[in-house]
Amino acid sequence: MSSLKVLNIYDVSGNCGLTRSGSQWTITRNDGGDRKLTVSTLQIDGSVTGNQTARFLPSQSGQSGKVLKSNGSSPYWETFLGPQGNLSSMSVFTSGGTWSRPSGVRYAHVQVIGGGGGGGGHGEGGGAGGYSEEIINVEGVSTVSVSVSGEAGGTYYRGGAGNGGSSSFGSYLSASGGYGANRNHQHNGGLGGVGSGGNLNIYGGGGDQHHDGGSSNANSGRGFWGACVAGGHPQGGNFSHNHQSHSPPGSGGNGGYFNGHRGSNGRPGLVVVTHYL
Amino acid sequence: MSTLRVAAIKDLTGNTGFVLSATTVQTNNTLVIPGTLQIDGSITGSTNSILPSHSGQSGKMLYTNGTSPYWDNPPSADNISSMSVFTSSGTWNRPSDVKYIKVQVIGGGGAGGGHGEGGGAGGYSEEVINVESISSVYCTVSGESNGTYYRGGAGNGGSSSFGSYLSASGGYGANRNHQHCGGLGGVGSGGNLNIYGGGGDSHHGRSSVGGGGFWGGAVAGGHPQGGNFSHNHQSHSSPGSGGSGGYFNSHRGSNGRPGMIVITHFK
């Protein structure tokens, strides 16, 4: 006999077997016990349904390069970032703007310096901007508004030079600008600004004081990124002022050689964001 | 015939088929399901081809040991995580999971003199350390050093150190290396990077801004119209910077600034 056509197949006791319904065969037990099918090798050429689909791989379409994870009840594919956690890139803001989190970046190391104060006209230097530094977990952040101080004007004798402005990275951290020469007290160098809100918050260096026979010394207006522009001599005209861009962000202005020489401008602030995946 | 009651159904050779008992249906060879397999109960057996149970495995990733699949935590991402800043001495404790740290140490600044002589800045040292087997390290941070009136030798800055790993000496006070000369900067040691701090200005008829270190410069220079301006505002200056020299005469040099230790944590 090559073929026997039946609707139900049961064991000899009539309790356990296979029953047909439409196009499906189902394991049946009349006593309500576990309807268990035991096989040596199971070959599935179609799909799997029912309440155990979580024990099989989900669709792989469009999931190239991903790894399988569990949410506690079912599996899902996810882009794997673990071992890629690393230094990846940096953004430098020399003027205000918006920082947007690059894809995959999880931590930002932010360095903020305020603007330097301007230099005076009798050797008085401006103070450097304050400095703040913070490490921020940015996984839940998409953009942050960045403010960067512009430059502060240097003056001729005997004005008070401009104060440097603040720089900030959203509401996370900020740094105030250095004072302009003669701003804290007539004839005195400007005091440095200070950082706030960060893990590290420090003062910038101050400016040189009023004196004859020279512009500010080389230590004047030194912030985190460096000190003021080179000092000038009358033979070079308004040397310091004319070359003021040749000095680091946040540094104070160099005081002009008395008389008739203009102090250099305090330098704009800076915000540096280093990205880690 | 609607129902067949048998102990087994076999093919013509007797090799393959279903074996039926009162409690189980068993096939003794490959069962081919060309269509859909629907499972309403559970899955058991010795196969390694299905996913392990998801219970209690949330957030975990599938691995294989070469034989069986298993869920486990994803590898921890090596990354920067936080920083600790010591402006005075204390104990650094390794945060959990931190594997590497970058340590930056600056010594205290030397103080300023009373005839325009500036103090030297503290030295600077930097090192990357694997701390997987370290739980705590004692940090020593230099305090400030005292500025003087003419014609004293100003105080030398003290050392700062991170355990026995790295340290940085303080800058010299004004007139300490030689009368009328600015203080020389301190120097780092023990780190991967060890550098000098900047020195102070020399004796002259006015004041001066003290020596600048890694973190920035000294307090602003004072003028007699501001009294002891530099000394009075000495806290407005960066860690480890030298003291600014007082305006001759009778103005006091500012104090050299305390050191600092910055520890950046990487998991």
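In this predicted model, the lining of the second largest pocket draws on both chains: β11 (107-113) and β18 (270-276) of chain A, together with β11 (100-106) and β18 (260-266) of chain B, each supply at least two of its residues. The element that gives the most is β11(B), with 4 residues. The space itself has a volume of about 220 Å³. A total of 14 residues line this second largest pocket, and those closest to its centre are A:H109, A:Y276, B:K102, B:T264 and B:F266. Sorted by class, the lining of the second largest pocket has 7 nonpolar, 5 polar and 2 charged residues.

The largest pocket comes next. Its volume is about 1900 Å³. The lining of this pocket has 48 residues, and nearest its centre lie A:I27, A:L37, B:L31, B:I33 and B:L37. Here, too, strands of both chains take part: from chain A, β3 (24-29), β4 (36-38) and β5 (41-44), and from chain B, β2 (8-10), β5 (30-33) and β6 (37-39), each supply at least two lining residues. The largest share of the lining of the largest pocket comes from β3(A), which gives 4 residues. In terms of class, 25 residues in the lining of the largest pocket are nonpolar, 17 are polar and 6 are charged.

The interface of the two chains can now be described. The contact takes 89 residues from chain A and 94 residues from chain B. Between them, an area of about 7100 Å² is buried, and carbon and sulfur atoms give 59% of it. How many salt bridges cross the interface of chain B and chain A? There is 1 salt bridge across this interface. A salt bridge joins B:R206 to A:D208, and the closest N and O atoms of the pair are 3.3 Å apart. Polar contacts across the interface of chain B and chain A amount to 44 residue pairs, with both residues at pLDDT 80 or more. On the side of chain B that touches chain A, the elements that give two or more residues are β1 (3-5), β3 (17-20), β4 (24-27), β5, β6, β7 (61-64), β9 (80-86) and β18 of chain B. Of these, β9(B) provides the largest share of that side, 5 residues. By class, the side of chain B that touches chain A has 41 nonpolar, 47 polar and 6 charged residues.

Across the whole structure, 2 cavities of 30 Å³ or more were found. The largest cavity holds about 60 Å³ of space. Its lining is made of 14 residues, with A:G232, A:G237, A:G256, A:Y257 and A:H261 nearest the centre. These lining residues of the largest cavity divide into 10 polar, 3 nonpolar and 1 charged. The second largest cavity contains about 40 Å³ of space. Among the residues that line this second largest cavity are B:G222, B:H223, B:G227, B:N228, B:F229, B:H231, B:Y247 and B:R252. By class, the lining of the second largest cavity has 8 polar, 2 nonpolar and 1 charged residues.

Some details of the backbone are also worth a look. In chain A, the peptide bond from A:F258 to A:N259 is cis, with omega near -10°. The place of A:N259 is the loop between α1 (239-242) and β18 of chain A. In chain B, a cis peptide bond joins B:F248 and B:N249, with omega about -5°. This residue, B:N249, lies in the loop between α1 (229-232) and β18 of chain B.

In strand β8 (residues 75-78) of chain A sits A:W77. Leaving aside residues up to four places away in sequence, A:W77 touches A:L57, A:P58, A:S59, A:Q60, A:Q63, A:K66, A:V67 and A:L68. Along the chain, A:W77 and A:G62 are 15 residues apart, and their C-alpha atoms are separated by 9.8 Å.

Note on methods
Residues numbered from 1 in each chain as written. Chains lettered and ligands numbered in written order. Predicted model: local features only at pLDDT ≥ 70, side-chain atom pairs only at ≥ 80, totals over all residues. Heavy atoms only, no water. 1 Å grid on protein atoms, 1.4 Å probe; cavity = no way out; pocket = protein on both sides within 12 Å on 5 of 7 lines; lining within 4 Å. Points joined across faces, edges and corners; volume = space filled by probe spheres on them. Nonpolar A, V, L, I, M, F, W, Y, C, P; charged D, E, K, R; others polar. Contact = heavy atoms within 4.5 Å. Buried area = accessible area lost by both parts, 1.4 Å probe. Salt bridge = Lys/Arg side-chain N within 4 Å of Asp/Glu carboxyl O. Polar contact = N/O pair within 3.5 Å; in protein donor to acceptor, adjacent residues only side chain to side chain.
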